[in-house]
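Please read them with the model open.

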Amino acid sequence: GADFAANVHGPFAVGVSYALTNLDDAEPNGSTFGSDVAFEVPGVGVSLCPAFAIVYSRASGLSTNIYPGPYTTVTTVSWSLEVRGGKALSVTPALFATPFAGAGLVFLHSVAQAKSGGFSTAKYKKDDSAFSAVLGLLIGSRRVHAGANVSFTTIENSDPLVTLGVGFVF
């Protein structure tokens, strides 16, 4: 996947993202599109930002390698309200470390539908809400940085997600 984030004029930041997911033992790939906006609270001493994000995910195709079925489509729309914070700390004159964290509420709307042989259809819908949190560290210079974070939610049967990344400042 790829993310693009920009600090726009004033205390606002916006971001967009895309991820392609290859599902094991299934034909389809999943696509995820996201966007967020954050507002930096002035005069706090750290970068503290309330944020709103929305994410759309969809995967569809044969759920087995056996034709003709079942053909499955799973769609999820989630939106979240979070508070994020971090602080850049000088390690050397050219290197910084930025620990960061965030927490908030996530609301999900999921729809799964399966068709077998074109004759029968089963549809499942679920709305859910959960607590989410992230904790991470960026290390870098003025033009490039690398980082890692771990995030989790209280959504049933979810596992923590570890993310590694490299970023470039333009």
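1. Leaving aside its neighbours within four places in sequence, which residues is phenylalanine 4 in contact with? In this predicted model, the contacts of phenylalanine 4 beyond those neighbours are with Val14, Gly15 and Val16. Phenylalanine 4 itself belongs to strand 1, which covers residues 2-7.

2. Phenylalanine 4 counts as exposed because its relative accessibility is 51%, and the cut-off for that class is over 50%. Serine 35 lies 31 residues away from phenylalanine 4 in sequence, with a C-alpha to C-alpha distance of 9.4 Å.

3. On confidence, the mean pLDDT of the protein is 88, and 89% of the residues reach 70 or more. Strand 1 has the lowest confidence, at a mean of 88, while strand 9 has the highest, at 95. Where pLDDT is low, predicted coordinates should not be read in detail.

4. The secondary structure consists of 10 strands and zero helices. Read from the N terminus, the order of elements is β-β-β-β-β-β-β-β-β-β.

5. Of the 170 residues in the protein, 19% are buried. Among contacts with a separation of 6 or more, 43% are between residues 24 or more positions apart.

6. How many aromatic pairs does the count come to? The count is five aromatic pairs. One of them joins tyrosine 18 and phenylalanine 33, with the ring centres 5.0 Å apart and 50° between the planes, which makes the pair tilted. Tyrosine 18 is in strand 2 (residues 12-22) and phenylalanine 33 is in strand 3 (residues 29-39), so this pair ties together parts that are 15 residues apart in sequence.

7. Both partners of that pair fall in the partly exposed class. Tyrosine 18 is partly exposed because its relative accessible area is 32%, and phenylalanine 33 is partly exposed at 44% relative accessibility. The class runs between the 20% and 50% cut-offs.

8. Another tilted pair is formed by phenylalanine 131 and phenylalanine 152, at 6.4 Å centre to centre with 55° between the planes. Phenylalanine 131 sits in strand 8 (residues 120-140) and phenylalanine 152 in strand 9 (residues 144-153), so the pair ties together parts that are 21 residues apart in sequence. The relative accessible area is 36% for phenylalanine 131, which is therefore partly exposed. Phenylalanine 152 is partly exposed too, with a value of 39%.

9. Ring pairs also link Phe52, Trp79 and Phe107 into a cluster.

10. Is threonine 98 buried or exposed? Threonine 98 is buried, because its relative accessible area is 13% and the cut-off for buried is under 20%. Threonine 98 is placed in strand 7, residues 95-116. Leaving aside neighbours within four places in sequence, threonine 98 is in contact with Lys87, Ala88, Gly136, Leu137 and Leu138.

Key:
Residues numbered from 1 in each chain as written. Predicted model: local features only at pLDDT ≥ 70, side-chain atom pairs only at ≥ 80, totals over all residues. Heavy atoms only, no water. Helix = DSSP H or I, 4+ residues; strand = E, 2+ residues; numbered from the N terminus. Buried < 20%, exposed > 50% of the residue type's maximum accessible area, 1.4 Å probe, protein only. Contact = heavy atoms within 4.5 Å. Phe/Tyr/Trp six-rings, centres within 6.5 Å; stacked < 30°, edge-to-face > 60°. pLDDT = per-residue confidence, 0-100.
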